[in-house]
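Here's a friendly walk through a protein model for someone meeting it for the first time. Have a look at the picture, then read on.

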Amino acid sequence: MSNFLYRLGKSAYTKPWYFIISWIAILGVVLAILGVNGIHVTSDMKIEGTESQKVLDQLSAELPEASGGQASIVFTAPKDERLDTPERLSAITKAVNDVYNLEYVINAAELAAKAGASASENAQGSAPQEGDGTAQATTGELPPFGPLMVNGVPVPGVMLASDGSVALFQFQFTVQQMSLPESVPDSVIDAAMSVEQTGIQALPSDSLSTKPSIGSTEAIGIAVAAVVLFMTLGSVVAAGLPLLTALMGVGISVGGAYAFSKFIHMTDLTPVLALMVGLAVGIDYSLFIVNRQRRMILDQGLSAREAASRAVGTAGSAVFFAGLTVIIALCGMLVIGIGFLSAMALVAALAVLVNVLVALTLLPALLGLLGERICSAKARTKSSTQSNKTAHGFAHRWVTAIAKGRWLVIVAVIVILGAAALPVAKMEMGIPSGATANLDTPSRQSYDAISNGFGEGFNGPLLLVAKPKGVSDKVTPELLNGLVQDLGKHENVSLVTPMGVNKTGDMAIISLIPKTGPTDAETKNLVREIRASDSSMALTYDVTVGVTGFTAINIDMSSKLAEVFPLYVGIIVILSLIILLLVFRSIIVPLKATVGFLLSVLATFGITTAVYQWGWLHSLFGFDTGGPLLSFMPIMVTGILYGLAMDYQVFLVSSMRESYVHGHHGTESVVHGYNQASRVVVAAAVIMVSVFAGFIFAHDIMIKQIGFALAIGILIDAFFVRMALVPAVMAVFGDKAWWLPKWLDRMLPNLDVEGDKLLAELKSQENAASIKAKPRRAY
């Protein structure tokens, strides 16, 4: 591998424009496809096979009109004023009618008329039809709201709070939101906003709000990365190369993801994740290669061409295997079998793959354009006058102190990370809702207005599907009425409304509004009670009841992900042991690396729980209210952190192994290897933390949580585990850390990650050339 990469680097350096133009052409093709196909992303995250998804699938097949996406708009009056004045009633009515007149929006009045006709047919003894309205909505007590009336006629789909300050307009689309043209939500919002000229505030629901997945917050991380690169490489030109190549990599990978979003189910978080990972690894991988080239020029006196070729052959080999590790960790999520997670994993893996290829081809081509200018005359002069025997000051003192107090360091790191991991025991998973949005956002204001005017449960209505257990049994008006009445008697039910019966008459659809909020434990218990096959309602009416809606989907998603998480962690652990065994040819190193990774992941989730669930330091990180952690975050963050942690493991420990192979033994190999690699690993970690931290201040709480978890995870793994625990453990084992049974040593392929074979071959060629060039003595 190192020989191939050496030749590839030399070719790219010698003929740079072939590679540069090729990458520019690829970017051009991606942008052209993006221009033709457009961007198609959704906030819909579904998990096939769950109870809630089965209900949605049933509705889509049996009663399509009930399976479309739901949305709402809240109208609020100024303080101490009412909405039911003539002028404001006229404005609201016009806005509602304008929305109903839009394509893809279902008119509630037409549905009500159909339900009435079906009810009339049922009363004459005919079979129940779609939209059956014979059963009446009921609750255990009179609700503090009613329909919005204009001249004695209710406005379809609009309810008014008893104090007249809040009105809720709920409507439905003919299709799910992900299938809507981009112009439809914008047209709905424009129609609703027309009421604001009368002093009314219109607040659209989350499903209508356009969430900017990628904003400007990542620029913060890039700015910090630029400063760190300049401090590490000592040159503006050299520091600019990793940034340029990383931007090219994410431009192609993220642009490609958007370009093909028309053909794959992709959530709005997918390209954001690819951008996070792509920027971080893209900058780091190029930094490793540029730093190695500069060191070879300054320390060994090589030409820029030869140094670039060797840097790609040696550091490039480590980049290749580090990137491969990240890709394997991400692709391991495919075994979980969750569609949107698989898409996120594949797009993120694509971003890593593209950035690895860019670092190995485009970077040496750009170095070829710079030539010897990659190192300034000042840097060369400073290097020639500086003693090469002088170790890095702080790094040398740090690792020497760790080697001496290795047992104390090991115990201290384990205790600190163990304490940080304690909140994991209280971690709650879910989907963030408007209740956890910032107070100044429309999502939160809409949530609070609905809660104050109608009750928290209206923020998360449930949709029920009831089917008689008998194959030939039908849903009679008496059965539907009985179900509605029994549901309305539940202490946590605010409102129950029958929505209709399918054409074959064997499935009823019921809307239910809980009294408690979508993420409350009481609402989750209500869902479980309704679903229970042995509930009094199921036994009395001999029916099976399915439930979908925000809370039901939340329960199912969290349950499914909790079920597969141990499987995924097991896959990660096995992969870690195998890959590190191949790379380092050691038994101790893979075990130590895996244990360290598990410590850092547990501490990461513990701190994330304390911050985003318990609300610790919430004002510092730009959010107002704590809430459940994103359901799929543990799996996604574990996969990414594993891959990135192994990056640092490869670069740091491979340097220690190189020192051991070249004659350093015991703690001497640990100290020498640490001195050689620590500076660039620390710089890479700071860059990666900065890039991820830039996303903490995004508007979307899901992006904030993922950015924080990745930033704190890299911070813990790089500085507590790799920079402290790893050298301490390596010092404990000394040369025994590299022990490998002879039979296993013969079986394993020699990957030559450090490039020893390449350097030995180049040295042999130099000696042969020197002997050949030496003049013969005349006799």
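Predicted model: local features only at pLDDT ≥ 70, side-chain atom pairs only at ≥ 80, totals over all residues.

Residues are numbered from 1 along each chain as its sequence is written, and side-chain values use heavy atoms, with hydrogens and water left out.

**Overall make-up**

The protein has 25 helices and 12 strands (DSSP runs numbered from the N terminus, with H or I and at least four residues for helices, E and at least two for strands). Of its 779 residues, 56% count as buried; that means under 20% relative accessible area, with exposed being over 50% and partly exposed in between (1.4 Å probe, protein chains only). Take the contacts (heavy atoms within 4.5 Å) between residues at least 6 apart in sequence: 79% of them join residues at least 24 apart.

**The core**

Which residues touch the most other members of the largest nonpolar core? They're Ile374 and Phe632, in a core of 174 residues. Such a core is a set of buried Ala, Val, Leu, Ile, Met, Phe, Trp, Tyr and Cys residues joined through side-chain atoms within 4.5 Å. Not counting residues up to four places away in sequence, Ile374 touches Ala238, Leu241, Val290, Gln293, Arg294, Ile297, Ala304 and Leu367. There's also a second, separate core of 31 residues, with Ile92, Val158, Val195 and Leu208 among them.

**Strand 10**

| Partner of strand 10 | Residues | Bridges |
|---|---|---|
| Strand 8 | 462-468 | 5 bridges |
| Strand 9 | 493-501 | 7 bridges |

Leu462 stands opposite Leu512 of strand 10, and Val493 has Pro514 as its bridge partner there. The hairpin of strand 9 and strand 10 has 6 residues between the strands, and Gly505 takes a positive phi near 75° in this hairpin.

**Helix 7**

Helix 7 spans residues 218-233 and holds Thr232. Is Thr232 buried or exposed? Thr232 counts as buried, because its relative accessibility is 13%. Apart from neighbours within four places in sequence, Thr232 is in contact with Leu287, Asn291, Arg679 and Ala683. Met231 is in helix 7 too, but Met231 is exposed, with a relative accessible area of 60%. Met231 also belongs to a nonpolar surface patch with Val227, Phe230 and Val236, and together they have about 430 Å² of accessible area. Helix 7 gives the largest share of that patch, 3 residues.

**Two loop residues**

Asp542 has a positive phi near 55° although this residue isn't glycine. Asp542 sits in the loop between helix 18 (536-541) and strand 11 (543-549) and is partly exposed at 38% relative accessibility. Leu617, another residue other than glycine, has a positive phi near 55°. Leu617 lies in the loop between helix 20 (588-613) and strand 12 (629-630) and is exposed, with 55% relative accessible area.

Note on methods. Pairing = 2+ DSSP bridges. Patch = residues over 30% accessible without salt bridge, like charges linked within 9 Å, V, L, I, M, F, W, Y side chains within 5 Å. Areas by Shrake-Rupley, 256 points an atom, 1.4 Å probe, with all protein chains shown as cover. Salt bridge = Lys/Arg side-chain N within 4 Å of Asp/Glu carboxyl O.
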